[in-house]
Amino acid sequence: MKYLKFLLVGIFFGIVLVKSEAVSWYRIYEMFKFQSFHMYGIIGSAVILGALFVWGIKKIKIKNIEGNRIHLPEKQKSVIRYIWGGSIFGLGWALAGACPGPMYVLLGTGVYSMLIVIGAAILGTFVYGVLKDKLPH
Amino acid sequence: MEFFLQPWPWYVSGPLIALVLLLLVLFGKTFGMSSNLRTLCSMGGAGKYADFFKLDWRTQRWNLTVVLGAIIGGFIASQFLSDNSTIALNPKTVLDLQEMGFSHVGESLLPGEIYAWENIATVKGLAIMIIAGFLVGFGTRYAGGCTSGHAITGLSNLQRPSLIAVIGFFIGGLIMTHFILPLIFVA
């Protein structure tokens, strides 16, 4: 039962991503062409409201359901890994038209060729893990 | 009911995505979809090849459950909550794509030119899917997060690393969209 809430959040997330068309390859293409405000509106409003939530959580020291103080993990300080990693991700994002969340959602919409893309993404993650210590971070 | 079946505007969808972030944080977790790729590697025994995968994947079962939900959500939305309307893309975008040889632009979520099942039997079609997935999987772990972890969660937490990562996402995305896609798709 403790996993039910995560299942429900996932279902909600999947529905929102389809109904917002954020899982559409065309919408990602249009975003990178700066030809529509749609994706910027989605990400922008999510970030603005998300920032308000995070600020509120820190301000009123709200606890999570496990009774612990909420702490969002800090990311490692670096520039090179984010520029390189981010750019490589961006190349794939614009080609696939989907990032990791939408890949699963699209599989659910019945696009079975997405299994190839997901398999390749797992392989990409594996190769990163193997090469990790040789890459500049 | 009609509103549910139509595509939802950005000012409804964006705040609902922020709600996903809030719920996961209140549940004592974080919002990060690409971590599941690492978890799947660990489950498959990748710990034998790199310490990076030596983690107890059982601690990540909650996130795999979110993935399962996302798949179900995609099914529900496409089967029961869609009116199959054409995506209201900028006409200029449609024209640009038609010039690259895309047909039926916006009539479904994904272009058949990339995702048609028959494409996995062609070298070009299969190569596009594999390269795209590989770049996403490699890049997201190198950058330490994807759209959910960096662009939504990281920016919401005002973290400089996430801002740099998002700039990276756009460097790669703009290069692909403006310079590489026109080389791959020629009408």
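**Ground rules.** I number residues from 1 along each chain as its sequence is written, and letter chains from A and number ligands from 1 in the order in which they are written. As the model is predicted, I ask for pLDDT of at least 70 for local features and count side-chain atom pairs only at pLDDT 80 or more, while totals for chains, interfaces and linings use all residues.

**Chain A, overview.** I looked up the secondary structure first. Chain A has six helices and zero strands; helices (H or I, at least four residues) and strands (E, at least two) are DSSP runs, numbered from the N terminus. The order from the N terminus is α-α-α-α-α-α. Along the principal axes, the C-alpha atoms of chain A fill a box of roughly 45 × 40 × 35 Å. Of the 137 residues in chain A, 56% are buried. For burial I count other C-beta atoms, placed from the backbone, within 10 Å of a residue's own: 20 or more is buried, 12 or fewer is exposed, and in between is partly exposed.

**Helix α5(A).** I checked α5(A), residues 100–108. Nine of its nine residues are buried, so α5(A) is largely enclosed by the rest of the structure. Its cover includes α1 and α6 (114–131) of chain A, and α3, α4, α7 and α8 of chain B. Just after α5(A), G110(A) has a positive phi of about 105°.

**α1(A) against α5(A).** Helix α1(A), residues 4–19, packs on α5(A) at about 85°, with the axes 10 Å apart. I take axes as lines fitted to C-alpha atoms, for helices over the stretch in contact, with angles from 0 to 180 degrees between N-to-C directions. The two helices are therefore roughly perpendicular; under 35 degrees counts as roughly parallel, over 145 as roughly antiparallel, 65 to 115 as roughly perpendicular, and the rest as oblique. On α1(A), the contact uses G14(A), L17(A) and V18(A); on α5(A), G101(A), P102(A), V105(A) and G108(A). Contact means C-beta atoms, placed from the backbone, within 7 Å.

**Interface.** I then turned to the two chains together. 110 residues of chain B are in contact with 103 residues of chain A. On the chain B side, α7(B) gives the largest share, 17 residues. That side has 74 nonpolar, 31 polar and five charged residues. Here Ala, Val, Leu, Ile, Met, Phe, Trp, Tyr, Cys and Pro count as nonpolar, Asp, Glu, Lys and Arg as charged, and the others, Gly among them, as polar.

**Core.** The largest nonpolar core has 97 residues. Such a core is a set of buried Ala, Val, Leu, Ile, Met, Phe, Trp, Tyr and Cys residues joined through C-beta atoms within 7 Å. M103(A), L106(A), V117(A), A121(A), I17(B), L21(B) and L135(B) touch the most other members. I followed A121(A): beyond four places in sequence, its contacts include P100(A), M103(A), L37(B) and F134(B).

**C146(B) and α8(B).** C146(B) sits in the loop between α7 and α8 of chain B. C146(B) is buried, with 30 other C-beta atoms within 10 Å. Not counting residues up to four places away, C146(B) touches F89(A), C99(A), P100(A), M33(B), S34(B) and T140(B). The C-alpha atoms of C146(B) and A165(B) are 8.5 Å apart. Next I checked α8(B), where 10 of 10 residues are buried. Its cover includes α3 (38–59) and α5 of chain A, and α2, α7 and α9 of chain B. Just after α8(B), L158(B) takes a positive phi of about 55°.

Key
Contact = placed C-beta atoms within 7 Å.
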